[in-house]
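The tour goes stop by stop.

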Amino acid sequence: MVAFPHYYFFGSFELFYYFSRILGFGSFYLHNILMPDKFKNSLNLISLLIIIFFAALAVWFSPILFKGYSTMNLWNTSLLARNLAESGVLGAEDSYNITLASSLIKERAQVSTEGNKLTSIVLAQIFKLVGQLEFEQLIFVSIIILALVLLIFTLTVCYLFDLKTAALFASIYIFLPFNWWAGPYNFGIYEVSLLFFSLFFLFFFLGSEAKFKFWQIFTIFSGVFLALAGLAREAMFLAAPVFLIYLLFKREKKRFFYLFIPFFIIVIFFWLPNLFS
């Protein structure tokens, strides 16, 4: 049998080189020439948010990889959330203030009089959805919620400024000591409240009268999320007087009423009764 030689115009390296050049030119042509600017900006923003999300997960989880174990502190809100998910009772103690075993919660537990109840309620819904988690798995819930908070804050900064400023903000935010330690390693304190607080900021700035026709809806939602942030962590109520004074100083009476009427309705019906009970 006669073997016929095969002739190639390019070697493997040259073939890869020209293929990458063609692919790169095609991507550049698609992104910069054919793609509309609005779609291009949206694609850049989505790409940035994906990178930020996974970068935050990696950075905030990295101490566990180096140490080999979690240093998370569990607070009473997580215990109340577990009992609410399992037994339907937001409590952990009996009438003598004795902490009960899980099997006795439904029969003997008294409803807790502690504040920040919304955090326990939201975490209980998460436990119902994903099931009861081990101690080591709780940090994933905390980090994912805080990464979502970062995405919402980044969207707000991008809306107010530009994409580069948003990327710089997110990079600094990830490495702030508070976000590295107080959130991921103290489960049940600020995750839920920060989620609502970030949504408040987003809708508050979207509620600018000059930029949207139905700005009233955004402002109403901002008032609702500010109240929910306070119900989840009562320290967040301290932000309300700041924005109250800001809107009065700016003489934005319409935004003032659209924001604080739903805020005070939620506070009066869901927070004040527990405060005086």
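Is F204 buried or exposed? F204 is buried, with a relative accessible area of 2%. Buried means under 20% relative accessible area, exposed over 50%, and partly exposed in between (1.4 Å probe, protein chains only).

A word on the model before moving on. It is predicted: local features need pLDDT of at least 70, side-chain atom pairs count only at pLDDT 80 or more, and totals for chains, interfaces and linings use all residues. Residues are numbered from 1 along each chain as its sequence is written, and side-chain values use heavy atoms, with hydrogens and water left out.

**Whole chain.** Colour by secondary structure. The chain has 13 helices and two strands. These are DSSP runs, numbered from the N terminus: helices are H or I with at least four residues, strands E with at least two. Of the 277 residues, 41% count as buried.

**Aromatic pairs.** The structure holds 29 aromatic pairs. Select F200 and F243. Their ring centres are 4.8 Å apart and their planes stand at 90°, so the pair is edge-to-face. Rings of Phe, Tyr and Trp (its six-membered ring) pair if their centres lie within 6.5 Å; planes under 30 degrees apart count as stacked, over 60 as edge-to-face and the rest as tilted. F200 sits in helix α9 (residues 191-206) and F243 in helix α11 (residues 239-249), 43 residues apart, so the pair links distant parts of the chain. F200 is buried at 0% relative accessibility. F243 is buried too, at 11%.

F204 and F243 form an edge-to-face pair, 5.1 Å centre to centre, with 70° between the planes.

**Charge over a ring.** Select R255. R255 lies over the face of F204, at 4.5 Å from the ring centre. The test is NZ of Lys or CZ of Arg within 6 Å of the ring centre and within 35 degrees of the ring normal.

**T219.** Go to helix α10 (residues 215-232), where T219 lies. T219 is buried, with a relative accessible area of 1%. Not counting residues up to four places away in sequence, T219 touches F203, G207, R255, Y258 and L259. Contact means heavy atoms within 4.5 Å.

**Last stop: F269.** Find F269 in helix α12 (residues 253-270). Why does F269 count as exposed? Its relative accessible area is 60%, and exposed means over 50%.
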